Amino acid sequence: SALYQQAILVHNKKPRNFRKLETANHSAEGYNPLCGDQLTVYLHLEDDAVKEVSFEGSGCAISKAAASMMTQAVKGKRKQEAEKLFTEFHGMVTGELDEETTPNDLGHLKIFAGVRDFPVRVKCATLAWHTMHAALNNQELVSTE
């Protein structure tokens with residue numbers, strides 16, 4: 001709990017990879033009407049791998065921190081690995097995956113496990129992930145309505 005709160009504060013105050021990626025060859029926009037979170041995820045894919053990733057936009061602390069940590073987690077991953085992380089993260093925060101007993105590659109992202117106890121915040125935590133998934137698959141807009 002304390003680790004979760006600390007990470008949220010750090011990544012919200014100083015998000016990693018928070019900028020427009022000029023070399024992006026894939027991007028998508030995401031919007032969460034419940035919170036007003038709005039962001040764009042930029043990807044530079046090369047040889048089926050995420051060479052670079054960034055985001056920009058505005059939102060609540062959970063949304064911004066999740067986006068920041070998502071960019072760190074998928075950078076350098078192959079598309080299939082990034083998709084697997086998306087599935088694992090989504091499963092964890094929705095309670096469909098027990099990150100402690102099911103083998104996974106979540107690593108530091110496990111600090112978001114507590115979000116599942118606050119269903120209204122799940123969409124905040126997953127917005128960047130859904131948007132990254134859309135960008136990987138050449139979709140342009142995601143809404144968590």
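Strands, like helices, are DSSP runs numbered from the N terminus (E, at least two residues; for helices H or I, at least four), and two strands pair if DSSP finds at least two bridges between them. The model is predicted, so local features need pLDDT of at least 70 and side-chain atom pairs count only at pLDDT 80 or more, while totals for chains, interfaces and linings use all residues. Residues are numbered from 1 along each chain as its sequence is written, and side-chain values use heavy atoms, with hydrogens and water left out.

Select Val41 next; its bridge partner in β3 is Phe55.

Move to the hairpin of β2 and β3, which has two residues between the strands. Asp47 lies in this loop and has a positive phi of about 55° although it is not a glycine. Asp47 counts as exposed, at 63% relative accessibility. Asp48, found in the loop between β2 and β3, also has a positive phi, of about 65°, and is not a glycine either. Its relative accessible area of 42% makes Asp48 partly exposed. The classes are buried under 20% relative accessible area, exposed over 50% and partly exposed in between (1.4 Å probe, protein chains only).

Select β1 (residues 26-32), which pairs with β4 in the parallel sense over three bridges. Gly30 has Val142 as its bridge partner in β4.

Which residues line the largest cavity? Select Phe18, Gln38, Leu39, Phe55, Gly57, Ser58, Gly59, Cys60, Ser63 and Lys64. β2, β3 and α2 are the elements that give two or more residues to this lining, and β3 supplies the largest share, three residues. On a 1 Å grid over the protein atoms alone, a cavity is a set of points where a 1.4 Å probe fits but cannot get out; lining residues have an atom within 4 Å of a point. The volume of the largest cavity is about 40 Å³.

Notes:
On a 1 Å grid over the protein atoms alone, a cavity is a set of points where a 1.4 Å probe fits but cannot get out, and a pocket is an open set with protein on both sides within 12 Å along at least five of seven lines; lining residues have an atom within 4 Å of a point. Grid points are joined across faces, edges and corners, and a volume is the space filled by probe spheres set on the points.
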